[in-house]
Amino acid sequence: MPINVYDNPVSPELCEATRAWLLSQSPIFGWRAHANAPGVFWHRNFVLPGIHQHHYDDGAWNSELSYEAFCASKSPLAEVAEIVRQQHFGGEAFTRIWANFQSFGDESAFHRDFPVQYARTARTAVWYPVMNWERDWGGDFITLSEDGEVDACALVKPNRLVVFNGTQTHAARPISRYCSELRIAVSFGCEVINA
């Protein structure tokens with residue numbers, strides 16, 4: 001399955017404002033890419049209303065985390081979400097928006113954002129509101145084909161957006177111990193896209 005990469009989907013000013021806003025939030029440490037993943041990292045859900053059975057358990061979401069409530073907050077991230085929603089999701093409301101914060105030692109694991117039953121309709125977009133990123137620092141976005149081979153890869157770059165099928169197996173590759181920045185990845189997702 002292909003991935004689509006878009007550089008500078010929002011203005012540098014909005015990117016920086018969103019990064020600063022994200023760093024002012026209260027992420028939760030100990031999040032896992034999936035239940036049996038070996039590594040943990042910092043994480044924060046912004047939209048996760050629990051309208052689908054696979055939307056985690058009661059400890060990870062509440063019914064007030066709707067997209068409409070999120071937009072009403074008028075945060076810089078809500079402004080970015082509206083841009084991404086209109087340009088890449090056909091105007092559909094997001095059922096998930098979350099951010100992962102990782103540095104050296106915070107490893108992700110291969111996972112799917114949505115169950116395979118949504119393979120024809122799910123979409124995820126991952127956006128990197130980082131100001132600086134060296135290619136040798138790692139953290140690359142990688143997807144696997146159905147037979148478990150590397151299918152596609154995209155480097156982390158400031159203000160880069162990667163759009164792909166949300167049921168595709170993917171992960172963030174490990175980050176180098178020489179990395180001096182925090183890898184911030186914001187994901188926007190929806191199970192049913194009619195576009």
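Mentor: Strands here are DSSP runs of at least two residues, numbered from the N terminus, and the model they are read from is predicted. With that naming, Asn159 is placed in the loop between β7 and β8 (160-164).

Trainee: Why is Asn159 called buried?

Mentor: Buried means under 20% relative accessible area, and Asn159 has 4% relative accessibility, so Asn159 counts as buried.

Trainee: What makes the pair of Asn159 and Trp127 side chains a polar contact?

Mentor: A polar contact needs a pair of N or O atoms within 3.5 Å; the side chains of Asn159 and Trp127 make such a contact at 2.9 Å, a value that lies within the cut-off. Asn159 also touches residues including Tyr6, Asp7, Pro12 and Cys15, leaving aside those up to four places away in sequence.

Trainee: Which residues have the most contacts inside the largest nonpolar core?

Mentor: Trp127 is one of them, together with Phe70, Leu77, Ile97 and Phe188, in a core of 42 residues. Among the residues that Phe70 touches are Phe46, Leu77 and Ile97.

Trainee: How do you know that β6 and β9 pair?

Mentor: Two strands pair if DSSP finds at least two bridges between them; 3 bridges join β6 (residues 141-144) to β9, and therefore the two strands count as paired, running antiparallel. In β9, His170 is the bridge partner of Thr143.

Trainee: Why are β7 and β9 said to stand at the edges of the sheet?

Mentor: The open sheet has 3 strands in the order β7-β6-β9, with antiparallel pairing. Because β7 (150-154) and β9 (170-172) each have a single partner strand, one side of each is left without a neighbour in the sheet. From one strand to the next, the twist averages 20°.

Terms used: Residues are numbered from 1 along each chain as its sequence is written. This is a predicted model: local features need pLDDT of at least 70, side-chain atom pairs count only at pLDDT 80 or more; totals for chains, interfaces and linings use all residues. Side-chain values use heavy atoms; hydrogens and water are left out. A nonpolar core is a set of buried Ala, Val, Leu, Ile, Met, Phe, Trp, Tyr and Cys residues joined through side-chain atoms within 4.5 Å. Buried means under 20% relative accessible area, exposed over 50%, partly exposed in between (1.4 Å probe, protein chains only). Contact means heavy atoms within 4.5 Å. Helices (H or I, at least four residues) and strands (E, at least two) are DSSP runs, numbered from the N terminus. Axes are lines fitted to C-alpha atoms, for helices over the stretch in contact, and angles run from 0 to 180 degrees between N-to-C directions. A polar contact is a pair of N or O atoms within 3.5 Å; within protein, one must be able to donate a hydrogen and the other to accept it, and residues adjacent in sequence count only if both atoms are side-chain atoms.
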